[in-house]
Amino acid sequence: MSNPELSIILVSYNTKEHTLKALSSVYEQTEDTNFEVILVDNDSKDGSLEAVQEAFPQVQSYASGGNLGFAGGVHFGVDRSKGDLILLLNPDTLVLDGAIDKLVQFSRERPDAGIWGGVTLNNDLSLNTQHAWARHDLGTLLSSALGLSKIFSKSCLFNKANYGCWNRDTVKEVDILSGCFFLTTRALWNKLGGLDTSFFMYAEEADYCLKAKKLGYQPTVTPDARLIHHGGISHANLAAKEIKLLRGKVELIKRHDKGLLKSLYISLIWLYSFNKVIESTLLKRGSVEAAEWKKVFDERSVWIKGY
């Protein structure tokens, strides 16, 4: 489209079948918004790019020329987009009940927020709470390290990081929104310089949100915009994903905290990984999960450096 209101950016990496389903849901469920879709393929080996080009010739699809990571892939797409609104959408999602239209309408109702998101669901349509988080602090990191956030998942005291007592049925101002369904303005994108590409994968959207909040913007969630998010399908194993997650979390701490607080927070990340090894070994001795967590801890010299 010559003058789209919205640019939808998807970054794919060996997710062919999910990407095709995600694109189908975008076109089936988005009727009220003038949009363009830009797909950036991060050097997939499963024929993702060719399949998209055949099934959806209207999509502007590009080969990135290598694995640029999530942030790098998004930048590649945004640089080729035209909309005043930018929607980051994971290829492992399914848009439900006009979710994109509803999210765009919500952005019109709360224009000063700068960043908007919806609610994610699991495959069985049960609630998936991994779409919004509170900023890390001593309480959130300690609760995570000790497993309290998992045990008391419905508590906003022990699971403050994931807004445990929020039922996802009301509009809520949050600290951080997931990059799987992440709407922002091009003006704010340009002001912040987009996602920081030094975060190869994970925590780049958290960094963006925290920087936006420092400028007075307020990421906000609407419960009316909902989609299915499968999550983590481009990772072959738990260890590979967790190492990237922890590396991103450490880098986020290094960017947004100082001095003794920074050292304390990183120590709690270390404690979290150590306790996951103990827990999985005691409860699932000899299992694949226990072996994977041991790999994560064994690689601590890598992820504790951040990026």
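Mentor: Start with a cut-off. A charge sits over a ring if NZ of Lys or CZ of Arg is within 6 Å of the ring centre and within 35 degrees of the ring normal. Keep in mind that this is a predicted model.

Trainee: What makes R300 a case of a charge over a ring?
Mentor: The charged end of R300 is 4.2 Å from the centre of the F297 ring. The limit is 6 Å. R300 therefore counts as sitting over F297.

Trainee: Which ring does the charged end of K172 sit over?
Mentor: That of W166, at 5.9 Å from its centre. The cut-off is within 6 Å, so the label holds.

Trainee: Why is the pair of Y62 and F76 called edge-to-face?
Mentor: Pairing needs centres within 6.5 Å, and edge-to-face needs planes over 60 degrees apart. Y62 and F76 have 6.0 Å centre to centre and 65 degrees between the planes.

Trainee: What does the pair of Y62 and F76 tie together?
Mentor: Y62 lies in strand β3 and F76 in helix α3, so the pair ties together parts 14 residues apart in sequence.

Trainee: How do you know whether F76 is buried or exposed?
Mentor: Buried means under 20% relative accessible area. F76 has 16%, so it is buried. Y62 has 25%, so it is partly exposed.

Trainee: What makes α3 mostly covered?
Mentor: In α3, 10 of its 10 residues are buried. Among them are G69, F70 and V78. The buried residues of α3 pack against β1, β2, β3, β4, α7 and α8.

Trainee: Why is H18 called partly exposed?
Mentor: Partly exposed runs between the buried limit of 20% and the exposed limit of 50%. H18 has 27%, so it falls in between. H18 is in helix α1, residues 16–29.

Trainee: How are α10 and α11 packed?
Mentor: Helix α10 and helix α11 pack at an angle of about 155 degrees, with their axes 8 Å apart. Angles over 145 degrees count as roughly antiparallel. That makes α10 roughly antiparallel to α11. Their contact includes W270 and F274 of α10, and W293 and F297 of α11.

Trainee: Which hand does the crossing of α10 and α11 have?
Mentor: The crossing of α10 and α11 is left-handed.

Terms used:
Residues are numbered from 1 along each chain as its sequence is written. This is a predicted model: local features need pLDDT of at least 70, side-chain atom pairs count only at pLDDT 80 or more; totals for chains, interfaces and linings use all residues. Side-chain values use heavy atoms; hydrogens and water are left out. Rings of Phe, Tyr and Trp (its six-membered ring) pair if their centres lie within 6.5 Å; planes under 30 degrees apart count as stacked, over 60 as edge-to-face and the rest as tilted. Helices (H or I, at least four residues) and strands (E, at least two) are DSSP runs, numbered from the N terminus. Buried means under 20% relative accessible area, exposed over 50%, partly exposed in between (1.4 Å probe, protein chains only). Axes are lines fitted to C-alpha atoms, for helices over the stretch in contact, and angles run from 0 to 180 degrees between N-to-C directions. Angles under 35 degrees count as roughly parallel, over 145 as roughly antiparallel, 65 to 115 as roughly perpendicular and the rest as oblique. A crossing is left-handed if the near helix is turned anticlockwise from the far one by less than a right angle, and right-handed if clockwise. Contact means heavy atoms within 4.5 Å.
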